[in-house]
Amino acid sequence: MRLFISIFMIYLGFQLLSANAVEDFSVIDKPNDNGGAIVVSWKEMVAETEKNFFYQIMIAEQEDGPFYPLEKMAYPLKGKGFEVKGYNKEGEESTLVVPNKTYFVKMKVLNGDKSETTVSESEIISVTTKGNFFAFNKLNSFLILIFLTVVIMCFIVYAQRNPHKLFVRRIAGLDAMEDALGRATEMGRSALFVHGLRSVSEIPTIAAINILGKIAKKIAEFDATLRVSNWDPIVQQVSQETVKEAHIEAGRPDTYKSENIFFAAGDQFSYAAAVEGIMVREKPATIFYFGYFYAESLLLSETGAHTGAIQIAGSDAFTQIPFFITTCDYTLIGEELYAASAYLSREPKLLGGLKGQDVGKMAIILILILGTLFTTLGWQGFSKLFWPS
Amino acid sequence: MNFLKKTLPLILAFVSGWLAITLEYIPHQNSEATMASLTKGLIIIGAITAFMGIYGLFSLHYLKIKRRSEGWGYSTLVIAGFMIMTAFGIYNNGAFMFQPQVEAGGISWIYEYIFNPCQATMFSILAFFIASAAYRTFRAKSLEAGILLVAAIIVMFGKVPIAGLVSEHIPEVAQWLLDYPNMAVKRAIFFGVALGGISTALRIIFGIERSYLGGE
Amino acid sequence: MGMQMKFDLKKLFNLDRRIIYLLIFLSILIPFLVEFDLPIKANKDVKNIFNKIEDVAKNKGHQGSILLSFDFDNASKAELEPMARSLLAHAFKNNLRVIAMGHWPNGVELAKSILNDLAREFKKEYGEDWVYLGYRPGVSILIINMGKDFKSAFQTDAFGKNTKELAATKNIKTINDIDYVISLSAGSGGIEDWVVYGRSKYHFELGGACTAVMAADFYPFLQSGQLNGLIGGLAGAAQYETLLGRPAEAVSGMRPQSIAHIVLIFFILFGNFCYLIDRFYLSKRS
Amino acid sequence: MSNIDTTTIATSKKSDFLVFAIFFSIIIIVNAILLGSGHLKWGLEGVGIMMGAAFTISLYSFLYKDNPLFKMAEHFYVGVATAYLIIVTWYSVILTDVIYAFRDLTKAPFSSSVFWQMVAIILPTLIGLLVYTRIIPRFAWMSKITFSIIIGFGSGLAIPNLINAYILEQAKPSMTALWTSAGGFEWNAIIVFIGVISTLIYFFFSLEHKGAVGATAKVGIWFLMVSFGASFGFTVMARFSLLIERVNFLFHDWIPLIK
């Protein structure tokens, strides 16, 4: 009798299995969301015969129905984490899952043939949706935010107190600047400083003006001539102030001439044409391009190269940098421009920001090296800490 | 008064900055709804401030004309272009400006036959400039410039179909160059751009960077 | 000899720019007049976009919709208009719904004329098969708004019609209800913003079509999957036209493009060859 | 102002005037022939194409020399562009999202939800309008309120999204196995790894470029140059594409030379 029963049970179990009972069926409120989704999971089915079945999730607002069917899913399918965000009631377009509401979910297995008879059905599980107050799946991003905020702000505060204690490496283009100015003095020719086409409040222009101050001071010491071309009247005014101050600092206020900081033209190509005219006529020994440049960079640096001048450029306009590299003797690339400006001006917000970003970069380098190392050794756990949500 | 002029904008920048950050990490439905209405509000603010462009344009060119300063004649053309286009905009093919925009009409014509050729031509001029610079100045003055030029030539040649006539491998080499070494550098630059952007944003939120507010 | 050579080179390089301008103009015009065939082979990034549209069509049919964001204006229409036309033709041919919009105010009229053209060609009905939502300011803010509440971002289309009443937009609650988003981008306010504020936040499928100037910058997005495909420059447009079997401006533009590139490469090589000889003689003399 | 503009204009007046006069009489003759032969029809489209060709050629005249024609076309275009931006903003946002949306709300029966929707339109409109206080210097400070809200909120939004899209999403595919037992060394992954790290080191400003750091930075600059070369090649491609389109316009739409 016992044997009979157990054989019967095995037979029943086999029947159930082949009838595709839904196993490990679970329904939960989606975590880390606005309460607008339900996550349905069930055991993934792998058997060959199950190709002929459809799986269908049914959802209801009351326990006794009516149950609204979702789209039929054919084998093969993923049984993990199927998200339900809405369903269609009869005669209505679509209804969204809303927060703070209880839903009743079950799952059906349907025959794959035309009859679509129900083969088996899971139990009904109820779930109440709710919105969450913190996205734990974004915890890594949040911690990085806190880390960067603390590091950058600390460095800025530190730089305000000790602007000269923070170390910034030498930048090749800056070293070359002095030689180039010396050369201009020896040859008895002028130097030309060309501003980029951005307004005075923007970072590349601010950086350019900081560098201009340094150049002007050297020029005043060498007693040479510096011409500065501008396209914006406000940039022109600020540049005049900067150069004047540099002359005073160098103890040569008498050699400052405001007409050397001139307005060339207000629009892109006319600006290029006007500055080119100066290059051809005056043949400056050294030409500097600092700031944000657009397509005019090509016209300017080509003419400059032809007059035989030493050219030094610095720009964060990545599309123009290739042209500067092939036409100029030295080019400050991207962030090097900001670094040069922070290095020369020692302005706390620039210097602190630069150092803070450096710490960020160091952290990224370390994470990448460790992540690559561990992954190569076959352990992904470390790199998974930094995966996006 | 000093509070209103100097401190209030900094407080507002701080509050709205942290509000945006906080909302990003709260997935709750009320946070989502707040974000939706705030962003919608900012779209409207953005649209309304766009008209400030007229003031900028007019104050610059009106002064030039009034003072008869150099090139003032060109300024009259700017204003003429503006007036003609605006007139068509208000007229709206007879429906006037309080009805939805009517298709075709003067605006489309000016757009297609004046605006379009001007804009398209301005940037195509650069093809000539690049050719001239390529002939006269693009020199491998250093190892670095040399590497740059070689990579440029490979991409320039490998990306046009004529390379396929010479050898199938040239486009593949160009593609490899873009997919791996180029990609690696651009990724490193992305890290730098992100850190730079975050640093600037933090300086704005904490009121250290104030240049966007204009001169004091 | 060295001196003589150097002198000649100087002269050669001081060749009036205008002569070079003329040469480059001819290298564009002549290949237009002389017809010859070029083998155009689509690369994987272009194919990915093509296949994604085919997939949406296969799985969703007319209920499938793609969003085309016209983030460019006349300045780069030479490169992006052929792409826009091919993508639209592809979607219309497969009976997908097209929702168009744009982040660039100066591109509105251009987008309208391209959409009207293609809709007429494929006999598509406005509202049912396609809609044009027009321009809204804000870029990043607009994208975030579209992800939270699509109908608040676009209450009406570009012609003042309510988006709740248009068949193509009626069922779209957030941007996630759109099957595929493609940004046709010519600068800031384009692919980058779609990636940062859209795709990485809301996880919809995003494809990119961009000018060649920007193309090299987007390879990290391709490798990380933040972009599923990329059509870069006129060459990319020609590849898409070939895949679609609908050769147009981009394919015929490949002749002058190829020749002009070769002329330019010759210029660079010739210039550098002379530069090296010049340097060689200079060092020998000293 | 400086003397540069005047000198260029003075030298361009004599001989160049003749060049431009000849040039433009040729354009007029070409247009006349095109009209006479029936290729262009006198009408909105025909005149449009002739206008477009005239503007195109005016702008190309810069290639010969910076000249008034170029500047005239450029300035007219600036005016048209500003007006166009405003027209688009008016019809697509102000009219629909502000005026129409508000009108519809006033028609609806009044409720607290309607009230808040009205506030959601009025408040941003007022904040936006504050920008116009810039016109009156005494109240110009009020415009700072608008700027600080826009820029502050934008900065706040940028931080988490930059971390997510540029740092986390980009770091994930960088941390792959460089060696697998099945495939041996993954050379491409190794190249990417070296490229990313060495470029980051090049842009690292807290260490002097000496020794190992210097060597890595050197590798970084080679990688940078390859990448700039790629950008260079693509930029060239883009500029030529634009020229191709213009040549197609001039010699297909205007003068029927290209089939």
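Hi everyone, a quick definition to begin: helices (H or I, at least four residues) and strands (E, at least two) are DSSP runs, numbered from the N terminus.

Some ground rules next. This is a predicted model, where local features need pLDDT of at least 70 and side-chain atom pairs count only at pLDDT 80 or more, while totals for chains, interfaces and linings use all residues. Residues are numbered from 1 along each chain as its sequence is written, and chains are lettered from A, with ligands numbered from 1, in the order in which they are written.

Let's stay with chain A for a moment. I'll call a residue buried if 20 or more other C-beta atoms lie within 10 Å of its own, exposed if 12 or fewer, and partly exposed in between, with C-beta atoms placed from the backbone. A:Glu347 has 16 other C-beta atoms within 10 Å, so this residue is partly exposed.

Two other loop residues of chain A have a positive phi. A:Asn32 is in the loop between β1 (26–29) and β2 (38–41) of chain A, and its phi is near 55°, a positive value in a residue other than glycine. A:Asn32 counts as partly exposed, because it has 16 C-beta neighbours inside 10 Å. The other is A:Asp223, in the loop between α4 (203–222) and β13 (226–230) of chain A. Here phi is near 60°, again positive in a residue other than glycine, and with 10 C-beta neighbours inside 10 Å, A:Asp223 counts as exposed.

On to chain C. It has 13 helices and 6 strands, and its C-alpha atoms fill a box of roughly 80 × 40 × 30 Å, taken along the principal axes. Of its 286 residues, 57% are buried. The domain assignment, where bounds come from an automatic or database source, gives domain 1 (2–34 + 254–285) and domain 2 (44–247). The C-alpha centres of these two domains of chain C lie 41 Å apart.

Please find helix α2 (residues 17–33) of chain C. It has 17 residues and reaches 25 Å from its first C-alpha to its last, close to the 24 Å expected at 1.5 Å a residue; the expected span is 1.5 Å times one less than the number of residues. Which residues of α2(C) are buried? They are C:Arg17, C:Ile20, C:Ile24, C:Ser27, C:Ile28, C:Pro31 and C:Phe32. They cover an arc of only 135° around the axis, which puts them on the same side of α2(C); the arc is that of the directions from the helix axis to the C-beta atoms. As background, an α-helix has 3.6 residues a turn, so residues three or four places apart point the same way. On the other side of α2(C), C:Ile19, C:Ile30 and C:Leu33 are exposed.

What do the buried residues of α2(C) pack against? The partners are α5 (106–136) of chain B, α13 (249–285) of chain C and α8 (211–254) of chain D.

That brings us to α5(B). Its 31 residues should span 45 Å at 1.5 Å a residue, and the end C-alpha atoms are 45 Å apart, which agrees. There is a kink of about 35° at B:Phe115, shortly before the proline B:Pro117; the bend at a residue is the angle between axes fitted to the seven residues ending there and the seven starting there. Since 28 of the 31 residues of α5(B) are buried, this helix is largely enclosed by the rest of the structure.

Finally, the interfaces. Two residues are in contact if their C-beta atoms, placed from the backbone, lie within 7 Å. Between chains C and B, 46 residues of chain C are in contact with 47 residues of chain B. On the chain C side, α13(C) gives the most, with 12 residues.

Between chains B and D, 99 residues of chain B are in contact with 97 residues of chain D. α8(B) gives the most to the side of chain B that touches chain D, with 21 residues. By class, that side has 75 nonpolar, 15 polar and 9 charged residues. Here Ala, Val, Leu, Ile, Met, Phe, Trp, Tyr, Cys and Pro count as nonpolar, Asp, Glu, Lys and Arg as charged, and the others, Gly among them, as polar.
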